[in-house]
Structures are given as structure tokens and as C-alpha cells.
Amino acid sequence: MAIDLRSDTVTKPSQAMRAAMADAEVGDDERDGDPTTRRLEERVASLLGKEASLFFPSGTMANQAAVWVHSERGTEVLADVDAHIVHSEIAGIAALSGAQVLAVNPTNTVMSAADLRCTFRPRSRYYPAPSLVCVENTHNGAGGRIATLDELRAVRMAAAEQGLPVHMDGARLWNASVATGISLAEISEHADTVMVAFSKGLGAPVGAAVAGTRAQIERAWTARKLFGGAMRQSGIVAAAALYGVDHNIGRLEEDHENARTIARIVGDAGGATVVPPQTNIVMVDLPPGINSATVAARAREDDIWLSEWTSTRIRMVTHLDASAEDCRHAAETLRRILSNA
Ligand SMILES: Cc1ncc(COP(=O)(O)O)c(C=O)c1O
């Protein structure tokens, strides 16, 4: 059987998760509030230390709704050039909120407060006014990198100096919390709104939530409706998310351990460089002379599925459907491919 490490989104709901879905109490969410969805929303708000949260069909819709909440048309949103919200959500910020992205080029791996300060334009009636700063934690493109509380505090302060709110794309915030032992609420304190996803490390089939103040979540409800994402008996999928929150957060440490094992085994095979993983994402920068497409194709011949992040970087993501043995085997296969290249 193939070992699929392309993403933690490939996980399939377990039998126990499916049983929770089958048994979910449901209602018409748009009309009355679906009872299981409400329970999930209350649970997430409480875990993140926010007044309220709202369930979304996807992390992308949740991020875009948060941008819509904060950003008027004709303004600009500052985000790391490599952020998911810039890189992988088509041109959603322009298309849905009528705002543009002002991409921040990081001096090191991810956008810092200093990078942000250098990017802000002087205020002028001729320039677009900024409306929002977005941070990503963990940072997917930077190999699952965790933002420290000091970094988050500094970015929040730089944003506040300009009178701007901060939205955190915390699709994998669970991983950051488990890896550091810092509570979700303590991390979330450094952003006005926070998105968390259920369909990655937690193993649910779909879903995400945005948390913030009651007023922000009321506006997020309007955005979700506007984007066509209002739901009915959403408790069926909210039950999967609740199951993931109840049962699959603690085990993320296994995924982190498996990522470290992969990094150790691949090492500098054939001249490759591995970004030391802090959570469940392993980025491998390939040596000259071999590209990602070739490596991915060779790995596929051995039933190992990797993703081509760029033409010279491959990504492997550990998750609950890939055992320690699977990860070790995948890493040994990659090591062999690189050594023989
Ligand atoms: C950092 C980050 N944000 C947002 C998303 C979007 O989530 P979804 O796939 O649920 O739309 C992803 C998906 O992989 C992600 O990695």
C-alpha cells in the first residue's frame, strides 16, 4: 500500500470518527443553529480563549472570511510572501474582499516585526491604506515552523503601531501548542482573529473555524453566507471535528517524532539539506542535478508519495494515517534515491 506523505490533509476519518458522525445530533444550522456545530464552536472559542467561533467548510473559506471581516475594499493586507493566504488561496483577498496583498519579504525564514515595519508605506492619500496583518502559525512554507510568543507579540505591536488588527492562520495551531506545551489560548492572545483547521492533523474530513470577538464572529457569519458557505445539518461534519479535538490533539507529538525521524534518516543524503522540523512538516532541499519532479516520480515507483514544493524542494508531512514504520521506510527510500542520484 502507498505511503502518502504529500500532506496531513490526506487522512481519512477513522471508524470511531465515522461512528461519532453517524450519531451526531443535528438541526438546521442556518435557521436555528445546529446543536453539534454549536458545541464545536463553543469548544473552539473556549480552547482559543476568544468570545466566539464559527464553523466553516474549509480553512481557505475561514481565512478569506476573516480578511473580509477586517478589510474594507480598496485597502491592503500585509502577509508573508510565502503565506498560504497569499500563495495558495488563488487571489481570494482581491476577488472576495476587494483588497490587495502587500507581500512582506522575510529577512530570515518568516516575516518578522522588523520586516513588517520596513514594508508599511508612509500614510498618504495616494497610497492604499493598510487594513490587516496576517501571520501563519505553524508556517507551512517554512517547514511547519512555530512562531514564538515573543515573535507574535512583536508582530502584534508593529501592527498596533499602525492601528491594524492581526489575523492568525492557525491551520496547524494544534501542532504549535503540542510541540511547545503553550496553550492554544496563550498563543491566540496575540491575534484578534484565529483560524484553526480540523482536516489536517486532527483527521476530520473537512472543516475549520474562526475565533474572535462576538462582533467579529457575527460579521464572519455574514461573510460565510456571502461566500455560499452557510450550512444546514452541519453537525454531521462538526461531530468529526469534535472527535478530532477530543481524541487527536495529544497524539500530534507522534507525528512530530516521526518528522524528526525522517529528517535524521534523510540527513544530507546525496548533498541534500533538510530543514530541521519543529512539528510535522519536513522540507528537503535537493542537491544540484536532480529536481523535485524526478525525486517524486522515483519515490512513487516505490509507493512513497511526496509533494513537489518547488522545483528544488520536496515536502513530506507526517500524520495519523502514517505509522512510525511507514515514515522510517519512506525516509530510507528517499535516502536511497538521493544517494544514487
Ligand atoms: C497554512 C494553511 N492555511 C490554510 C489552509 C487551507 O485549509 P483548507 O484546505 O481546509 O482550505 C491550509 C491547507 O493546507 C494550510 O496549510
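**Strands, helices and a ligand shell**

Author: Strand β10 (residues 281-285) and strand β13 (residues 313-317) are paired antiparallel through 5 bridges. The model is predicted, so local features need a pLDDT of at least 70 and side-chain atom pairs count only at pLDDT 80 or more, while totals for chains, interfaces and linings use all residues. Residues are numbered from 1 along each chain as its sequence is written. Helices (H or I, at least four residues) and strands (E, at least two) are DSSP runs numbered from the N terminus, and two strands pair if DSSP finds at least two bridges between them.

Reader: Which residue stands opposite D285 in β13?

Author: D285 belongs to the pairing of β10 with β13, which is antiparallel. Looking across to β13, the residue that stands opposite D285 is R313.

Reader: In which order do the strands of the open sheet of 4 strands come, and which helix packs on this sheet?

Author: The pairing in this sheet is antiparallel, and the order is β9-β10-β13-β12. Its edge strands, each pairing on one side only, are β9 (273-275) and β12 (307-308). A helix of residues 292-301 touches β12 and β13, and its direction makes about 40 degrees with that of β13 (angles run from 0 to 180 degrees between N-to-C directions, and axes are lines fitted to C-alpha atoms, for helices over the stretch in contact). The helix that packs on the sheet is α13.

Reader: In the open sheet that 7 strands form, which are the edge strands?

Author: The order of these strands is β2-β8-β7-β6-β5-β3-β4, with mixed pairing. From one strand to the next, the twist averages 25 degrees. Each edge strand pairs on one side only, and the two are β2 (52-56) and β4.

Reader: Which residue is the bridge partner of V135 in β6?

Author: Strand β3 (residues 75-80) runs parallel to strand β5 (residues 129-136), with 5 bridges joining them, and T75 has A129 as its bridge partner in β5. Strand β3 is also joined by 5 bridges to strand β4 (residues 100-104), again running parallel, and here D80 stands opposite V104. Strand β5 pairs with strand β6 (residues 166-170) in the parallel sense over 4 bridges. In that pairing, the bridge partner of V135 is M168.

Reader: At roughly what angle do the axes of α2 and α11 cross?

Author: Two packed helices are described by the angle between their axes and the distance between the axes. The contact (C-beta atoms, placed from the backbone, within 7 Å) between α2 and α11 includes L40 and R43 of α2 and A238 and L242 of α11. The axes of helix α2 (residues 35-48) and helix α11 (residues 235-247) come within 8 Å, and they cross at roughly 35 degrees.

Reader: Is L40 buried or exposed?

Author: L40 has its place in helix α2. Leaving aside neighbours within four places in sequence, L40 is in contact with F55, A238, A241 and L242. Because 28 other C-beta atoms lie within 10 Å, L40 is buried.

Reader: How many other C-beta atoms lie within 10 Å of S177?

Author: S177 lies in helix α8 (residues 173-180). Residues up to four places away in sequence are not counted when we say that S177 touches I182, S183, L184 and I187. S177 is buried, and the number of other C-beta atoms within 10 Å is 23.

Reader: Which helix gives the most to the shell around the ligand?

Author: The ligand is surrounded by 13 residues (each with its C-beta atom, placed from the backbone, within 6 Å of the molecule), and the closest are S58, G59, T60, H84 and A171. The helix that gives the most to this shell covers residues 59-70 and provides 3 residues, and its name is α3.

How values were computed
Buried ≥ 20, exposed ≤ 12 C-beta atoms within 10 Å, placed from the backbone. Contact = placed C-beta atoms within 7 Å.
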